[in-house]
Amino acid sequence: MTSPVLVWLRRDLRLDDSHAIEAALATGVPLAFLYTLDPAMKARGVGHAQLGFILEGLADLHGRLADHGGGLIVRRGPAISSLLAVVRELGASAVYANRDEEPAAGEAEAQAERALAGVGARLHVFDDEVNVPHELVLTKEGRTCRTYSAYARSVRRVLAEAPSPPRSHSLAGRLIACAAPELPTVETLVGGAVRFRSDVPGGETHGLARLRAWRDDGDMARYADDRDLVAEPDATSRLSGYLRQGMLSPRRCLQVADAADARKWASELLWRDWFKYVLHHHPDLAVHCVDRRYDALEWTGSDEHFAAWTRGETGYGMVDAAMRQLLATGSIANRARMVAASFLVKDLHIDWRRGEQWFRTHLTDGDLASNAGSWQWVAGVGLDAAPYFRIFNPLLQERKFDPTGAYASRWAPDRPLAIVQHDVERERTLAAYKAVGGERPGEG
Ligand SMILES: Cc1cc2nc3c(=O)[nH]c(=O)nc-3n(C[C@H](O)[C@H](O)[C@H](O)COP(=O)(O)OP(=O)(O)OC[C@H]3O[C@@H](n4cnc5c(N)ncnc54)[C@H](O)[C@@H]3O)c2cc1C
């Protein structure tokens, strides 16, 4: 009997446009698919909402594979030993995987490669998570890009010379049949009650349907004008959870945006790729400020204020609405994320890293690169930093982007007393940043 090859899924829970699947199909031998529910996911910030979303995605993926005569193998336990066990059981000759670009996953890949070599199987890993592999993205002078705009220009230059359109795969007659996996519940996995659930259903089927509806219902066309209207759920695509788990391909989304000439939305898709590029060049993105001067900032905020922020009890409408929406749905629109994050750092003087961890474990789309990169952007301590003196005024933001008050009254109808005064805290922040970073050239 021909040895099959195994496709090892991690952040690519889909059958559409996958470089690993494409290469596995090219071998000409039968394919099996594996996902491992590794307890180490928790340490990597995968919280309840995200876990539920993944489990829904696994059930969906099994259904999609079963439609082609196959199925999804799901194992619980450490990823490498589970992978090795399945390779042995199937007698697989090789494993195909898309690269997971987070540093911890890179270490796991190296371990997997060694372990597989011990049983005579090879690991083949492919760049798949972004539109253009990082090493191809350079300034015209051949240097690493230091700003988002340089990055986006370079990506567009590469794509103009060597387009990388999404591909569909034909799986019929190529899959090894397997029974439906017995998927655990989130409660079983976390060993207790689950307080946080995603408000969008997980799975490639839902992701593709939402992408189509986003385009066909006209919301994508309105995005450039409407995206900051925080009370309007369809003002943005709400596709980030699907992109985070690879339930949608970044190339498929960019193709849809470009075909409709939805430039603003396309540029936001590239922000995701940009933060992956930043993480690639700064693997300690969640730990150190990219601009190292700001590692010396002193964080004088209190635990009481941090707790009030997490509960949405600061007395600032947009901040409180965002934080309560996060706990209820695992999601917040970008504008409200920026305002809530800025408030933590610049009004409560609390280390951006604490906020980053809270967001990452509660967001359905919680992602090391986008989250840490965005927190550094808001805090003004990273690459492409918003100048530190540009501090969001939470009251003006609310007036501008929630003009009818619908967002605040939906999520935070009671308005507790403000725990700090914005104008006072703003001055303290300016002084603290200036003391550490000095005036930047051209600013002041
Ligand atoms: C403090 C803070 C933390 C954030 N944490 C995350 C995170 O953990 N995971 C995450 O995916 N995004 C994060 N973002 C970026 C952004 O807020 C979300 O991607 C966006 O709100 C998701 O909603 P959407 O799918 O409706 O986006 P849309 O506006 O419809 O954009 C389409 C897609 O482009 C990407 N995108 C859009 N804006 C950004 C951005 N500024 N940075 C990176 N990618 C972007 C997302 O993949 C998104 O799904 C964060 C932003 C801030 C300010």
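Helix H12 (263-281) is part of what covers the buried residues of helix H6. Contact here means that the C-beta atoms of two residues, placed from the backbone, lie within 7 Å. Helices (H or I, at least four residues) and strands (E, at least two) are DSSP runs, numbered from the N terminus. This is a predicted model, in which local features need pLDDT of at least 70 and side-chain atom pairs count only at pLDDT 80 or more, while totals for chains, interfaces and linings use all residues. Residues are numbered from 1 along each chain as its sequence is written.

H6 itself covers residues 148-161. Its 14 residues should span 20 Å at 1.5 Å a residue, and the end C-alpha atoms are 20 Å apart, which agrees; the expected span is 1.5 Å times one less than the number of residues. In H6, Tyr148, Tyr151 and Val155 are buried. Seen down the axis of H6, the buried residues fall within an arc of 60°, so they line one face of the helix; the arc is that of the directions from the helix axis to the C-beta atoms. A residue is buried if 20 or more other C-beta atoms lie within 10 Å of its own, exposed if 12 or fewer, and partly exposed in between, with C-beta atoms placed from the backbone. On the face of H6 turned away from its buried side are the exposed residues Ser149, Ala160 and Glu161.

Most residues other than glycine have a negative phi. Arg238, in the loop between H9 and H10, is not a glycine, yet has a positive phi of about 55°. With 19 C-beta neighbours inside 10 Å, Arg238 counts as partly exposed. Asp261 is found in the loop between H11 and H12, and its phi is also positive, near 55°. With 9 C-beta neighbours inside 10 Å, Asp261 counts as exposed.

The shell has 29 residues, of which the closest are Thr236, Ser237, Ser240, Asn371 and Ser374; a residue is near the ligand if its C-beta atom, placed from the backbone, lies within 6 Å of it. At least two residues of the shell come from each of helix H10 (240-244), H12, helix H15 (334-347), helix H16 (352-362) and helix H17 (368-379). By class, the shell has twelve nonpolar, eight polar and nine charged residues. Ala, Val, Leu, Ile, Met, Phe, Trp, Tyr, Cys and Pro count as nonpolar, Asp, Glu, Lys and Arg as charged, and the others, Gly among them, as polar.

The chain as a whole has 20 helices and five strands. Its radius of gyration is 23 Å, close to the 22 Å that the globule rule gives for 444 residues, so the chain is as compact as a globular protein of that length. The radius is taken over C-alpha atoms, and the rule is 2.2 Å times the number of residues to the power 0.38. Of the 444 residues, 48% count as buried.
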